[in-house]
Amino acid sequence: MKKFSFLLIFVGLNITLYCQAIVRGTIANITTDTALLYFHPTNLGILGESLKTPIAKNGQFQFDINPFIAVPAVLEINDIQLLLFLFPDKSLVINIQQDAQNRVKIEFEGLAGVDNRFYLDYQQEILKTTRDVPPKLLTKFNPKGYLALQKEFKQTQLDYLNEFRNSIDPRLWTWLKNNIDYQFANKLFAYPNQVHQLRNPSKSYYNFLENIVLNNKSASLQSAYQTFIVNFISFKLGKPQKWGINSTAEEQFKFIRRYFVGDALYICQFFLLNKSKFKRKKNREKETKAFLASKAPEGYKKYIWETMKRN
């Protein structure tokens, strides 16, 4: 009989009263001596954390993390990459089995077990049914057809998500719902310029913006939302209006206050301070000082301050 070797990983996520989480694992029959864990930024203006920990001879490893809010994470061991969703107040146990043919079976337990089972299944299912359109096929879609296709993809994602709304943590549901909304918008923004041919979508093409929340604090940490804000600014400035696509940074700073407040405004200001050219140096200094004195995230302020010192 052909022998099979199995990789067993048991990971426990235990939360203390101070929101310090410990990820523990036990591994058998594995050659690597390192486990990696990356988790998404938990505060606006900072990078996510990439942690490395040794795997002991007895197969045990441990991570000490502080996920103050619920965020996605990735666990990597050898060629296995496992998508997780971490909570600051819910335990998680993972059992991964890999046979000699590299077939992997994953089981989740603990308070966050159901959420992570859904999160993994959602990623795999949506990947199968809503893949990006290859560049060569984009030429076959006019704006109306592309809009219809993306609406269909979005509805497929929403249907799958809403089917399990009452059985998963609201924080996970909100994160995925935000991703669906803003990825949808970003694809529609990008479409007119994705191939080298003239595309001028009608005004009705952009009606999708009527259902998009501009100032969404629950999405401020998500890259899809931050990309959307930048795309929205570019779209508005590109429209035939007195601001114009070639407006100065001074004008753009006034312009963004028409639409954004709070975290969204800080994201806009940070982007403009890094990318835009000011007509007058004193105006840049004025906006920079105002940004540093504002309630903007400390991570953004630190980056702007260090950039200002270098220049």
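Predicted model: local features only at pLDDT ≥ 70, side-chain atom pairs only at ≥ 80, totals over all residues.
## The sheet

Strand β3 (residues 34–39) and strand β6 (residues 71–77) run antiparallel to each other, paired over four bridges.

Zoom out and you'll find an open sheet of four strands, in the order β4-β3-β6-β7, with antiparallel pairing. The edges belong to β4 (49–54) and β7 (80–86); each has a single partner strand, so one side of each lacks a neighbour in the sheet. From one strand to the next, the twist averages 20 degrees. Strands of a sheet pair through backbone hydrogen bonds, in either a parallel or an antiparallel way.

## A helix on the sheet

Helix α1 (residues 113–129) packs on this sheet and touches β6 and β7. The direction of α1 makes about 125 degrees with that of β7.

## The nonpolar core

The largest nonpolar core has 86 residues. Which of them touch the most other members? They are L82, L84, F208, F228, I229 and F260. Helix α4 supplies the largest share of this core, ten residues. As a rule, nonpolar side chains in soluble globular proteins tend to be buried together.

Take F208 as an example. Setting aside residues up to four places away in sequence, F208 touches F184, A185, L188 and F189.

## N186 in α4

N186 lies in helix α4, which covers residues 170–190. Is N186 buried or exposed? Its relative accessible area is 13%, and buried means under 20%, so N186 counts as buried. If you leave out neighbours within four places in sequence, the contacts of N186 are A224, T227, F228 and N231. F228 is also one of the core residues that touch the most other members.

## Helix α7

Now for a quick geometry check on helix α7 (residues 262–275).

How many of the 14 residues of α7 are buried? Ten are, which leaves the helix mostly covered. The buried residues are D263, A264, L265, Y266, I267, C268, Q269, F270, L272 and L273. What covers them includes α5 (223–238), α6 (249–256), α8 (281–293) and α9 (298–310). An α-helix has 3.6 residues a turn, so residues three or four places apart point the same way.

Conventions:
Residues numbered from 1 in each chain as written. Heavy atoms only, no water. Buried < 20%, exposed > 50% of the residue type's maximum accessible area, 1.4 Å probe, protein only. Helix = DSSP H or I, 4+ residues; strand = E, 2+ residues; numbered from the N terminus. Contact = heavy atoms within 4.5 Å. Pairing = 2+ DSSP bridges. Axes fitted to C-alpha atoms, helices over the stretch in contact; angles between N-to-C directions. Core = buried A, V, L, I, M, F, W, Y, C linked by side-chain atoms within 4.5 Å.
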